[in-house]
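Take a moment to look over the chain before reading on. Keep the sequence beside the 3D view.

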Amino acid sequence: MDKKALKNLGFTLLLFIISFAAYQVSGLLFGKVLSDASLTMVFSQLVFAVCAVISVLLLKKSKVLRFTFNGFKEGIGAAMFFVVVYIFALLALSLKLLTGDATAHLSIHRVLLGVIQMLLIGFCEETFFRGLIQNAFHDLFGEKTLGGVYKAICTTGVAFGAFHLINALNPEIGFKSALVQAVMAIPLGMIICTFYYRSRKNLWFCILFHALMDGIAFLTQNVMGNEGITSAIDSYGSQSVWQTAYVLVLYTALACFLMRKKKINEIINPQLNLPYYPQQYPQQNNQYPNQTQYHQQNQQSEYYYRPPENK
């Protein structure tokens, strides 16, 4: 095992623990000054976001926060199931609001704070879990091996789920609710890990997806009469065993489908997922009797070449 990678993982986890402690303490301090719980959450999330950026700089991983649209198309393709589900969810919520068949706790102030809060949650959790922790596990287990990628995805998913158990410390959230959320967060975390890989490690795609996912949950809970994230999390405890099992099986099946061997091989060899430029192939060069060998010999060049698929 690479000692340097292990040391980097340890330092990453230490920074996360310190940052989360700062987030919790700031929440308590802001809670004594501010009467609005949503505003308190926003300010404490801002502290968490600042800690996340500082952690990225200390680990010299500023590249993960570089914004680009590269990989968004691939990420959306991988997340198509959720895209369809969220479109139908928004249509259903809109219908309930239009027909008056809902108790909405929505106002411009509340919606604005909710949007900011969801974006901050997405930024903080994805920066730590995908941008730092997943990459640290990736380096530890081997970034160019099939087993290494699987291990990085699974361990990050488990860490993501375990992190949500912290909600059990909230007196307004029952232990059963926190446990159900944590268990469901494991395969969901693995799914987002695959999105990160499939989007060519575009962290901003994962941040926006996470924010959208939490935003849909926020709107659903408010339209149905629950106020705030705390009540939304506590509602998990009222689900039946069959409901929880159904969601868990669905997320696990989806995670396994996204982690199929063909796609993992594209993660290990990202050049195989880039466009093929036949005009760059030297047709008269006997040194490379076929395009596949030329591709293999020039992986480090400026251009990448995709060999023809086997028919």
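The paragraphs below walk through the core, the surface, the cysteines, the salt bridges and a loop.

This is a predicted model, in which local features need pLDDT of at least 70, side-chain atom pairs count only at pLDDT 80 or more, and totals for chains, interfaces and linings use all residues. Residues are numbered from 1 along each chain as its sequence is written, and side-chain values use heavy atoms, with hydrogens and water left out.

Start with the inside. In soluble globular proteins, nonpolar side chains tend to be buried together. Buried means under 20% relative accessible area, exposed means over 50%, and partly exposed lies in between (1.4 Å probe, protein chains only). A nonpolar core is a set of buried Ala, Val, Leu, Ile, Met, Phe, Trp, Tyr and Cys residues joined through side-chain atoms within 4.5 Å. The largest nonpolar core here has 58 residues. Which of them touch the most other members? They are Phe 82, Ile 153, Ile 191, Phe 195 and Phe 209. Helix α5 (residues 108-141) gives the most to this core, with 11 residues. Helices are DSSP runs (H or I, at least four residues), numbered from the N terminus.

Now pick out Ile 153. Contact means heavy atoms within 4.5 Å. Leaving out residues up to four places away in sequence, Ile 153 touches Met 190, Cys 193, Thr 194, Tyr 197, Met 259 and Ile 264. Ile 264 is one of the buried residues of helix α11 (residues 261-268). The buried residues of α11 pack against α6 (146-163), α7 (175-198) and α10 (241-258).

Next, move to helix α4, which spans residues 80-99. A nonpolar patch lies on the surface, formed by Ile 76, Met 80, Val 83, Val 84, Ile 87, Phe 88 and Leu 91. Together they have about 620 Å² of accessible area. Such areas come from the Shrake-Rupley method with a 1.4 Å probe; for residues, only the protein chains shown count as cover. Patches are made of residues with over 30% relative accessible area and no salt bridge: like charges are joined within 9 Å, and nonpolar side chains (Val, Leu, Ile, Met, Phe, Trp, Tyr) within 5 Å. Helix α4 supplies the largest share of the patch, 6 residues. Ile 87 sits in α4. Its relative accessible area is 47%, so Ile 87 counts as partly exposed.

Leu 90 is also in α4. At 38% relative accessibility, Leu 90 is partly exposed. Leu 90 touches Ile 216 and Leu 219, not counting residues up to four places away in sequence. Leu 90 and Ile 216 are 126 residues apart along the chain, but their C-alpha atoms are separated by 7.5 Å.

What about the cysteines? A disulfide is a pair of cysteine sulfur atoms within 2.5 Å. A search of the whole structure finds 0 disulfides. Cys 51 is buried, at 16% relative accessibility. Cys 206 is buried too, at 1%.

Charged side chains come next. A salt bridge is a side-chain nitrogen of Lys or Arg within 4 Å of a carboxyl oxygen of Asp or Glu. How many salt bridges does the search find? It finds 3 in the whole structure. One joins Asp 139 and Lys 61, with the closest N and O atoms 3.8 Å apart. This pair links distant parts of the chain: Asp 139 is in helix α5, and Lys 61 is in the loop between α2 and α3 (72-78), 78 residues apart. Another joins Glu 126 and Arg 130, at 2.7 Å from N to O. Both lie in α5, 4 residues apart, about one turn of the helix. Glu 126 and Arg 130 are both buried.

The remaining bridge joins Arg 200 and Glu 74, at 2.9 Å from N to O. Arg 200 is in the loop between α7 and α8, and Glu 74 is in helix α3, 126 residues away. Arg 200 is partly exposed at 37%, and Glu 74 is partly exposed at 24%.

Most residues other than glycine have a negative phi. Arg 200 has a positive phi, near 60°. Lys 201 also has a positive phi near 60°, and lies in the loop between α7 and α8.

How values were computed: Helices (H or I, at least four residues) and strands (E, at least two) are DSSP runs, numbered from the N terminus.
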